[in-house]
Amino acid sequence: MKNLLQGIRKFPLLLLTFVFAGNTFLCSCNLLKPASPEAFIEEPAVEETEIEEIEEVVSEPEEVIEEPEEIVLTWRDQIPYEEITLDGEKDHHYVADDYCYIESEKYVVFLEKDIDIPGDFITNVDAIVDELETELNVSSAPSDYTYYDVCDMTAYYGFNPWKDINIGTKIPIFLIADEEDECLISCACGDFLVLVDYAMFSEDMWNSVPGYYDSDFRTRPEYVDYSTIAHEMTHTITERNHEMSMIMTEGIADYMSREILDALADEYPSIAEAKENTYLYDNSIPEKVNGKNAERIFIADYNEIDHAQRGAEYTFGRYLCQYLDETYGDNFYSDYNAEIKKDNIIYSYGNYDEEIITKYADALKEVFGEDVFSNFGSWCVKNNALQELGGVFPY
Ligand SMILES: [Zn+2]
């Protein structure tokens, strides 16, 4: 039985062989006769040709298998939502009717339904990130930062539309449409930016929420608040480089938001518009700053101020950054960052610890001199900075 089966199996192979080998039709006719299995076995010439044919057939699938291995799936393939692009025109708008995203070189913008984004948004944010890297003299994607998956957005959306996505070193920027009127605000950390900007709420959504359209104190602005975007983007970049005290964290963000708008306004009309409409002010401080108390205040980091009254750290920190920039030059931040990295100061923002904040003060003295605080305090008195108490003052 075994031999017979072998013979039958060979029949189509032989037929193929004769066709390919150019054998005469007669040979083929002979094969059509009923024959014993031995008849086929006694044809050695045919057997050789047959083996060659099989080898050729076997080699083909190997080439087919190699092709799929070249297809590399990326996070973009995991996203079930549309990628969109903008045309760069300030007066053109894209209104999202579902979750979608826009990718740029150093960040990815994630939109939700009812976000109204102007056509030049990416152009302006690209310019802000590049200018921040130049002025801070650090990368927005340092190699020693740990980059996790895009954070879980369930708290905002009720589910996580960007689940298990890892965009590498790019910064996730979430544009939030606060349609429940929960008074959501912009915020940032090393892992992401959340931007809540009334100018980017769609007109339809704005006109459907009484808390917005029926309010005496809320208006839907005509311009995007690039000042806040620069502030929050500074937080992301500086935190990716190294955590700092509260005064330095908010101070550098406040200072940079002004520096960036000044630097870019001439070239970018929408940033100029934001600059014209940004109200600059000094927050209230609990005591005037001078050469004797500047270091003590820096170390206390305004931690004793009630959260609702916060603001002094923004203003003290901004003036300190301005002083360092004017006195020591453009690399003041990167030089300080290098020192606190070298000292390996570990601090969790908001969890005040006098011993740790003292290390931040010591690092400042290490880089800019032992007298940096007394000189800064004297500079404040001379320039009438941080000398007004108990109010919010135009700057
Ligand atoms: Zn801030």
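Trainee: Is Glu-250 buried or exposed?
Mentor: Buried, at 7% relative accessibility. Keep in mind that this is a predicted model.

Trainee: And which protein donors does the zinc ion have?
Mentor: His-231 and His-235 each give NE2, and Glu-250 gives OE. They lie 2.0 to 2.1 Å from the zinc ion. Along the chain the donors follow the spacing H-x3-H-x14-E. His-231 sits in helix α10 and Glu-250 in helix α11, so the pair ties together parts 19 residues apart in sequence.

Trainee: What about His-231, buried or exposed?
Mentor: His-231 is buried, with a relative accessible area of 10%.

Trainee: Stay on α11. How many of its residues are buried?
Mentor: 16 of 19, so α11 is largely enclosed by the rest of the structure. From first C-alpha to last, α11 reaches 27 Å, close to the 27 Å expected at 1.5 Å a residue.

Trainee: Which salt bridges does Asp-254 make?
Mentor: One is with Arg-258, at 3.8 Å, N to O. Another is with Arg-318, where the closest N and O atoms are 3.2 Å apart. That pair links distant parts of the chain: Asp-254 is in α11 and Arg-318 in helix α14, 64 residues apart.

Trainee: Which residues are in that network?
Mentor: Asp-254, Arg-258, Asp-282 and Arg-318, joined by salt bridges that share partners. Asp-254 and Arg-318 are both buried. Arg-258 counts as buried too, at 12% relative accessibility.

Trainee: How many salt bridges does the count come to?
Mentor: 18. Among them is Lys-341 with Asp-144, closest N and O atoms 3.2 Å apart. Lys-341 lies in helix α15 and Asp-144 in the loop between α6 and α7, so this pair ties together parts 197 residues apart in sequence. Lys-341 is partly exposed at 29%, and Asp-144 is exposed at 51%.

Trainee: Switching to strands. Which way do the side chains of β4 point?
Mentor: Tyr-107, Val-109 and Leu-111 point one way, Val-108 and Phe-110 the other. All are buried. In a regular strand, side chains alternate between the two faces of the sheet.

Trainee: What does β4 pair with?
Mentor: β3 runs antiparallel to β4, with four bridges. Ile-102 has Val-109 as its bridge partner there, and a hairpin of three residues joins the two strands. β6 pairs with β4 in the parallel sense over five bridges. In β6, Ile-171 is the bridge partner of Tyr-107.

Conventions
Residues are numbered from 1 along each chain as its sequence is written. This is a predicted model: local features need pLDDT of at least 70, side-chain atom pairs count only at pLDDT 80 or more; totals for chains, interfaces and linings use all residues. Side-chain values use heavy atoms; hydrogens and water are left out. Buried means under 20% relative accessible area, exposed over 50%, partly exposed in between (1.4 Å probe, protein chains only). Two strands pair if DSSP finds at least two bridges between them. Donors are N, O and S atoms within 2.8 Å of the metal (3.2 Å for Na, K and Ca); water is not among the atoms, so sites may look incomplete. The expected span of a helix is 1.5 Å times one less than its number of residues. A salt bridge is a side-chain nitrogen of Lys or Arg within 4 Å of a carboxyl oxygen of Asp or Glu.
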